Amino acid sequence: MDKPWSFNHKTKKAFTVISPIDINRPEYQTQVENSVEKTLCCWLCTSGPISITSFTDRRGYCPGESIAISAEFDNHSSRTVIPYATLYQTQAFFASGKSRIRRTKLTVLTGLPIAPGTRGSWDSQLLKIPAVSPSIVNCCVMKVDYYVKVALHIPGAYNLSLHLPVIIGTVPYRRAHPYSFTQSHFYRETHAQFVDMSFLPLPPPYRETLTPPPPFEDPPTYVESVGGAVNLNDDEDDDDEPGSNMGDLTYTPMYTYVYNYRPPPLPHSTHNSEMGLPLSTHGKVTKCKLLNIYPWLSVDGS
């Protein structure tokens, strides 16, 4: 507001930019796989290989859901290694030929140590997704990506890691409710009337459809972003007189969130056999906590 012979008053209002993504589309229901291997060298001595083979149950998720991670860790070295998985968010901004990229560590999943010459495996261990913004993949000025880093912490050497890219959407996963006409109320009523009769029953009354679509689950709720409130002040506001900025200059983004998420049945038991993954849970995950629980994970790649 321009006030002659006085200080101008101004205010700001933030808004959220998202890209609607329905994770129930077929392209988001496919598994994401990757594998990596390395050997440790010390002067002329070379250890046995250390390898990771991992995959997720699907590619698309919503905040509040959990990423089911299956993995196999082979440790043929002489060192004890510790497996862990981390969910990362990458934000990229583009303007005037320049770019700025910011990466944030969200949640961490860690497992039991794997002794030298042994093997460990994860069987659908769950990595919780907090309240974060959806992926933005179709914008030319900003981009938001997510990936799961599955790694082995190797004492005295660079960590071995691989990336599993995932999509965070806005429409939660819907379970497929199989419908059978023989289990319907209409079928049971008709069958009970004619089960003891020798003649054929009359044709059923006309209906628009005998196989209604599966019902949808409850709509998602909205919760505050895991990052909390942000301040709307910028460098230009530092030159303004105190009190010239009116209104609340904090903003808390709200994102869709799924409560009481139950992972769907995983059809990858056959897939495990094809990859050579045992169905046992040796080396299973024992903890899943937020960032800053494991200080030795704070340095990437070391």
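A polar contact is taken here as a pair of N or O atoms within 3.5 Å, in which one atom must be able to donate a hydrogen and the other to accept it. In the predicted model, such a contact, of 2.5 Å, joins the side chains of aspartate 74 and arginine 119. Aspartate 74 belongs to strand β5, which spans residues 66-75, and its relative accessibility of 14% places it among buried residues because the limit is 20%. Residues up to four places away in sequence being set aside, aspartate 74 touches Thr118 and Arg119 as well as Pro49, Ile50 and Ser51.

In soluble globular proteins, nonpolar side chains tend to be buried together.

Cysteine 139, by contrast, is partly exposed at 32%. The cysteine sulfur closest to that of cysteine 139 belongs to cysteine 140 and lies 5.3 Å away, which is too far for a bond because a disulfide requires sulfur atoms within 2.5 Å. The count of disulfides in the structure is zero.

Three aromatic pairs are present. In one of them, the rings of tyrosine 88 and tyrosine 147 have centres 5.3 Å apart and planes at 20°, and the pair is therefore stacked. The two residues are 59 positions apart and link distant parts of the chain, tyrosine 88 lying in strand β6 and tyrosine 147 in strand β9. Both tyrosine 88 and tyrosine 147 are buried. Tyrosine 257 and tyrosine 259 form an edge-to-face pair, because their planes meet at 65° with ring centres 5.0 Å apart; tyrosine 257 is buried, at 15% relative accessibility.

Charged groups are also placed over tyrosine rings. Arginine 103 lies over the face of tyrosine 88, 4.7 Å from the ring centre. The charged end of arginine 58 sits over the ring of tyrosine 173, at 4.5 Å from its centre.

Note on methods:
Residues numbered from 1 in each chain as written. Predicted model: local features only at pLDDT ≥ 70, side-chain atom pairs only at ≥ 80, totals over all residues. Heavy atoms only, no water. Helix = DSSP H or I, 4+ residues; strand = E, 2+ residues; numbered from the N terminus. Buried < 20%, exposed > 50% of the residue type's maximum accessible area, 1.4 Å probe, protein only. Contact = heavy atoms within 4.5 Å. Phe/Tyr/Trp six-rings, centres within 6.5 Å; stacked < 30°, edge-to-face > 60°. Lys NZ or Arg CZ within 6 Å of the ring centre and 35° of its normal.
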